[in-house]
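Open the model in your viewer and keep the selection tool at hand. This tour tells you what to select at each stop and what is there.

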Amino acid sequence: MIDVSMNSRMPYYLQVKNKMIENIKMKKWNPGDTIPSESQMMKLFSVSRSTVRQAISQLVQEGVLETRRGKGTTVKERPATPHVIPKVYHRELGDTFTIKTIRDVSGHHMEYARTMLDLESKDEVRLLERVRFTNNVPFAIQQMYVPIYIGELFDERTLHTFKLVDYLDEADVPYKLSNEHVSTSLATIYESEILGISPGAPLLELKRTTLGIDNTPLEYCVTKYLPAYFDYWVEIRQ
């Protein structure tokens, strides 16, 4: 039996769905396999039939599972990708890296973050604002916004993990993809004081949105770098 957590703010159906996705990722359920019946999963996860049906329904809509009359619900087979996807790389430049948290707040007042996370006005957001150092020199400032049910999973390791997706797997929160957008901006007075530069100095801005398996945003993050400390390249092979 795999009980869902009654203490988590994450809805039961989403917890069940995440555990189903974990079974697929761990190769317990392979493409073409028939998953357990609704009754079996009710006992497995200790939830109601409606919760199981909601989890299955969303995974069917998302193309993870498929249901056929007389054959039950199976893990959907994936066609082979016929083309090569370019590889994008980026890295921070430096030697010894450290992180300092300068703000850690939760609440309903972060309206823009709620919009980016596709949340309702009643939903809380947690903000972690951190400064990234190399050899004790500040070179990046980051504002990471997450829904409160993700924020409640944070522990001491999270505060020292600059990229959230590196922590999600450990927290058993499956994610589908991260979208990153690189642009430039000019340092505000607040940013210039933290980074030790002049107001209006150029910064490299990296915006990242991480989506869960059901396309629900798990994170909206904005990191601003001193350009000399960030490297970015694309590799395309035939």
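Predicted model: local features only at pLDDT ≥ 70, side-chain atom pairs only at ≥ 80, totals over all residues.

**Stop 1: helix H1**

Select residues 12-25, which form helix H1. The helix has 14 residues, and its first and last C-alpha are 20 Å apart, close to the 20 Å expected at 1.5 Å a residue. Buried here means a relative accessible area under 20%. Among the buried residues are Tyr13, Leu14, Val16, Met20, Ile21 and Ile24. Lys17 and Asn23 are also on the list of buried residues.

**Stop 2: two residues with positive phi**

Move on to lysine 27, in the loop between H1 and H2. Its phi is positive, about 65°, although lysine 27 is not a glycine. The residue is exposed, with a relative accessible area of 58%.

Next select aspartate 118, in the loop between helix H4 (111-116) and E5. Aspartate 118 also has a positive phi, near 60°, and is not a glycine either. Its relative accessible area is 62%, so aspartate 118 counts as exposed, the cut-off being over 50%.

**Stop 3: the six-stranded sheet**

Show the strands E4 to E9. In what order do the six strands lie in the open sheet? The order is E4-E5-E6-E9-E8-E7, with antiparallel pairing. Strand E4 (97-107) and strand E7 (175-186) are at the edges; each has a single partner strand, so one side of each has no neighbour in the sheet. On average, neighbouring strands are turned by 15° against each other, direction ignored.

Zoom in on one pair: E5 (residues 125-134) and E6 (residues 137-147). They run antiparallel and are joined by ten bridges. To find one of these pairings, select valine 125 and its bridge partner in E6, proline 147.

**Stop 4: the largest pocket**

Finish at the largest pocket, which has a volume of about 380 Å³. It is lined by 19 residues, and those closest to its centre are Pro11, Leu119, Asp123, Pro147 and Tyr149. Which elements give two or more residues to the lining? They are H1 and H5.

Technical notes:
Residues numbered from 1 in each chain as written. Heavy atoms only, no water. Pairing = 2+ DSSP bridges. Helix = DSSP H or I, 4+ residues; strand = E, 2+ residues; numbered from the N terminus. Axes fitted to C-alpha atoms, helices over the stretch in contact; angles between N-to-C directions. Expected span 1.5 Å × (residues − 1). Buried < 20%, exposed > 50% of the residue type's maximum accessible area, 1.4 Å probe, protein only. 1 Å grid on protein atoms, 1.4 Å probe; cavity = no way out; pocket = protein on both sides within 12 Å on 5 of 7 lines; lining within 4 Å. Points joined across faces, edges and corners; volume = space filled by probe spheres on them.
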